[in-house]
Amino acid sequence: MAKQTAPTVCILVLLFITVFAQVIVGGKYNNDCPGIPFIPIYLCGAFFTFVALCICGSCNLPCLSVTTTFFICWYIAGNAVIYSYYEPDYSYCNKTLYLFAFWSTNMTNVLLFMLLCCCHGEDEAENNIDVQV
């Protein structure tokens, strides 16, 4: 496993803070979105799947594969629901809950993109070192 660089660690910390805030808001407003009940469930589930992904990352490959697949499916489902109801009727869903879900999902998208770019850059740098040696 490659040594983690400072940008990668910072992105992972920001991602953890984001999903931690999501579980807090999702839990607080759990019953405040009867029109779109998946939103608070998605926010809470994002935290638990992220934690499971971090734990299984140190386990074994089958555990990591199953958890990663579930995380990707959960993430896509959450994005689909949140973006498909953009600017919902706030009488059916708490405005704070929806806007937090929307903007924290946007932030997660950016952080995951940055993480992929950092990991790709680390792999490229590691491959260049291997070739030069």
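Me: What do the axes of helix α1 (residues 6-28) and helix α2 (residues 38-56) do, and at what angle do they cross?

Reply: The two axes come within 7 Å and cross at roughly 140 degrees. An axis here is a line fitted to C-alpha atoms, for helices over the stretch in contact, and angles run from 0 to 180 degrees between N-to-C directions. This is a predicted model, where local features need pLDDT of at least 70, side-chain atom pairs count only at pLDDT 80 or more, and totals for chains, interfaces and linings use all residues. Residues are numbered from 1 along each chain as its sequence is written, and side-chain values use heavy atoms, with hydrogens and water left out.

Me: So what makes α1 oblique to α2?

Reply: Check the cut-offs: under 35 degrees is roughly parallel, over 145 roughly antiparallel, 65 to 115 roughly perpendicular, and the rest oblique. The angle of roughly 140 degrees falls in the rest, so α1 is oblique to α2.

Me: Which residues make the contact of α1 with α2?

Reply: Contact means heavy atoms within 4.5 Å. From α1 the list includes Leu12, Phe16, Val19 and Phe20, and from α2 it includes Leu43, Phe47, Phe50 and Val51. The residues of this contact split into 15 nonpolar, 3 polar and no charged. For that count, Ala, Val, Leu, Ile, Met, Phe, Trp, Tyr, Cys and Pro are nonpolar, Asp, Glu, Lys and Arg are charged, and the others, Gly among them, are polar.

Me: How do you know what counts as a helix, and how many does the protein chain have?

Reply: Helices are DSSP runs of H or I with at least four residues, strands are E runs of at least two, and both are numbered from the N terminus. By that rule the protein chain has 4 helices and 0 strands, in the pattern α-α-α-α.

Me: What makes Cys33 and Cys93 a disulfide?

Reply: A disulfide is a pair of cysteine sulfur atoms within 2.5 Å, and the S to S distance for Cys33 and Cys93 is 2.0 Å, so the pair qualifies. The structure holds 1 disulfide. This one ties together distant parts of the chain: Cys33 is in the loop between α1 and α2, Cys93 in the loop between α3 (61-84) and α4 (95-132), 60 residues apart. With -105 degrees about the S-S bond, the link is left-handed.

Me: How do you know whether Cys33 is buried or exposed?

Reply: Buried means under 20% relative accessible area, exposed over 50%, and partly exposed in between (1.4 Å probe, protein chains only). Cys33 has 2%, so Cys33 is buried.

Me: Why does Tyr75 count as buried?

Reply: Tyr75, found in helix α3, has 18% relative accessibility, so Tyr75 lands under the cut-off and counts as buried. Leaving aside neighbours within four places in sequence, Tyr75 is in contact with Tyr42, Thr108, Asn109 and Leu112.

Me: What stands out about the phi of Glu87?

Reply: Most residues other than glycine have a negative phi. Glu87 is not a glycine, yet has a positive phi of about 55 degrees. Glu87 is found in the loop between α3 and α4, and with 46% relative accessibility, Glu87 counts as partly exposed.
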